[in-house]
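User: I'm new to this one. Can you walk me through a few spots in it?

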Amino acid sequence: MAQIPNLDNAPLNLTALREQSQKELVSIIKSIMGNKCLVIDPKLAGTLSLILHTSVLKEHVTELRILSADPVQTECPKVVYLVRSQLSLMKFVANQIKNDESKGLQREYHLYFVPRRVVACEMILEEGKVHQKLAIIGEYPLYLVPLDEDVISFELGDDDYSSQECRLIEGDTATSVWHIAEAIHRLELAFGVIPNVRAKGVASTKAAQLLNHMHLQDPVHMDDMGIPEIETVILLDREVDMVTPMCSQLTYEGLLDEMLEIHDGSVQVDAGIMGAQQDGKKVKVPLNSSDKLYREIRDLNFHVVLRVVHQKATSIQQDYAQVKSTNTQSVSELKDFVKRLHSLPEITRHVNLAHHLQSFAGKPLFHARVEIEQKILEAKDYDTCYKYIEEIIQKQEPIETVLRLLVLFSLTNAGLPRKNFDYLRREILHSYGFEHMPLLYNLEKAGLVKRRESRSNWAVIRRALQLIVDIKDPDSPDDMSYVFAGYAPLSIRLVEHAMRSGWQSIEEVLKLLLGPRLDLKRGVSTISGSSELLPDGAQQNTDRVGRRSVVLVVFVGGVTFAEIAALRFLGAQEGMGYDFVVATTKVITGNTLLRPIIASSKQRIVQSITNPCPGGDFPCSVQGHFLFCHWKCYCLCSCIRVLYFLVR
């Protein structure tokens, strides 16, 4: 399991929150007497690795198992299920209990939902006729998990949740909005009522309103707390800024996530990459601020990181050579050298990881893609960008790579001219297959890839928020835009304006972005279009004597590591008297954000073939063939040689 992050330098006392979660889990397990087998769902197992060590769990249980579709293998008379509130997991639980029954096994079953009981899940258990066989049905209220000193996860980690929050795929967002509001309210119970709330986007404004309602229903008693530790919370919908996640992240941490995908504060890589003589075996590499070198380099531009780790490795080699060649060192010098040797494993780890990333990021293809992204963001050379996208489609580059550029191209141009739009969609179908027809429809429905029907507002937004800034010195950048090769994340610019001068100064720009705006002071609120209630940021950092004020920035629908790096950069700027803490439903990349919509589309094409649309067949231009309708928006020739899009 991953190394538990060190939270000693956190702006908030996140250690207390983590310890509370530890105590609650241990209390649940200890309440069940006797030999027991603890069965945890796979995703939750990774999450728990950020809270407590496996050895702590093993002290209180006889056996530890991971939930799967297979029968549970245990000799224990009691089985304790600790699972997230998901329907698919309930089917696994029901099948395992029924399998035990079929074998005549008599066991006592306990089920704990994380973070809370859900009626739909219990209905699945009732349909499986196992609900009555559960001795206890309880809850483990895990709403907050610290990923690092300044990053909190709300543990809505499934890709589907993030996509539903961004309205990329169909689904109910009410549950996740309630979950977000409840998580923030729990922070208030620990650190005091947050006096200032700003929100932008549909889901964020709903969460802010629900948070205020929770405060009225379950008020925080401020008499025992004094001044609130969190001064402002800013909630942002991912759909307010879909441009940023489509860009290639260029920080070390961001690139690690792009190439290797960071899960639960660690990456899994082949042992050979880390220098071990065990090719084919996977090893888990922890990545958080407990690693001092990682904390130093994670937010740097990747090319700067290569130079930094090389210099550190060379320095230790030189010191070693000097120690070996002479006997004149004092005891203090030798102690200093030995102390530096303790950092050698960290240096070796990041030399190996950086070298592996360089095998991808050093290729001309990667640099060409970053250059095209920059041209798209600057709205330069439309034809070159269009031809590049056409070229990578024909070369059959990974579909995620194609879609990220296509979405970026469409978002910054308010769509594509009809001729270009139809041509590129046709090329995608020719190159990647007819099964991507639902995907193209869903992207259009979500507004990510569409026909141009109006003028683009991107140029106005870009200039007003100064999103394009030339970085003259990557080693010592003077603007957050270094995280994306000269593009400052739109989302973080909104945070910057909120804290420096208030959103009233960019009122017209906010109207061009998706979703309503809400400014709320406890007991007083205004919807977008009204006057700014909250004081300017310059006067907001003097309440807590000797300590910087804390601003909680909540990303509904996910955040990239590059945005987190930009926020850290913003907090370190002179005159910005705030510590920023990020809370998010999920850490994302463009690939992980688009992946659920790709998977959902494939599932629908299978369902459509199995259950043809009652709309009937349509004649095909190829004699003897027909177009059969799939789902409700597109039709496909059964000969697959001729493809048509029909508007119905």
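Analyst: Helices (H or I, at least four residues) and strands (E, at least two) are DSSP runs, numbered from the N terminus. Alanine 498 lies in helix α20. This is a predicted model: local features need pLDDT of at least 70, side-chain atom pairs count only at pLDDT 80 or more, and totals for chains, interfaces and linings use all residues. Residues are numbered from 1 along each chain as its sequence is written, and side-chain values use heavy atoms, leaving out hydrogens and water.

User: Is alanine 498 buried or exposed?

Analyst: Alanine 498 is buried, at 1% relative accessible area. Buried means under 20%, exposed over 50%, partly exposed in between (1.4 Å probe, protein chains only).

User: What does alanine 498 touch, beyond residues up to four places away in sequence?

Analyst: Arg198, Ile234 and Trp503. Contact means heavy atoms within 4.5 Å. Isoleucine 234 is 264 residues away in sequence, yet its C-alpha is 8.4 Å from that of alanine 498.

User: What sits over the ring of tryptophan 503?

Analyst: The charged end of arginine 198, 6.0 Å from the ring centre. The test is NZ of Lys or CZ of Arg within 6 Å of the ring centre and within 35 degrees of the ring normal. Arginine 116 does this too, over tryptophan 178 at 3.9 Å.

User: New topic. How many aromatic pairs are there?

Analyst: Seven, from a search of the whole structure. Tyrosine 382 and tyrosine 386 are stacked, because their ring centres are 6.4 Å apart and their planes are at 10 degrees. Rings of Phe, Tyr and Trp (its six-membered ring) pair if their centres lie within 6.5 Å; planes under 30 degrees apart are stacked, over 60 edge-to-face, the rest tilted.

User: Where are tyrosine 382 and tyrosine 386?

Analyst: In helix α15 (residues 382-394), four residues apart, so about one helical turn separates them. Tyrosine 382 is partly exposed at 24%, while tyrosine 386 is buried at 11%. Ring pairs also link both to Phe409 in a cluster.

User: Now histidine 110. Where is it?

Analyst: In strand β4 (residues 108-114). Histidine 110 is buried, at 3% relative accessible area.

User: Which side chain makes a polar contact with the side chain of histidine 110?

Analyst: That of glutamate 108, at 2.7 Å. A polar contact is a pair of N or O atoms within 3.5 Å; within protein, one must be able to donate a hydrogen and the other to accept it, and residues adjacent in sequence count only if both atoms are side-chain atoms.
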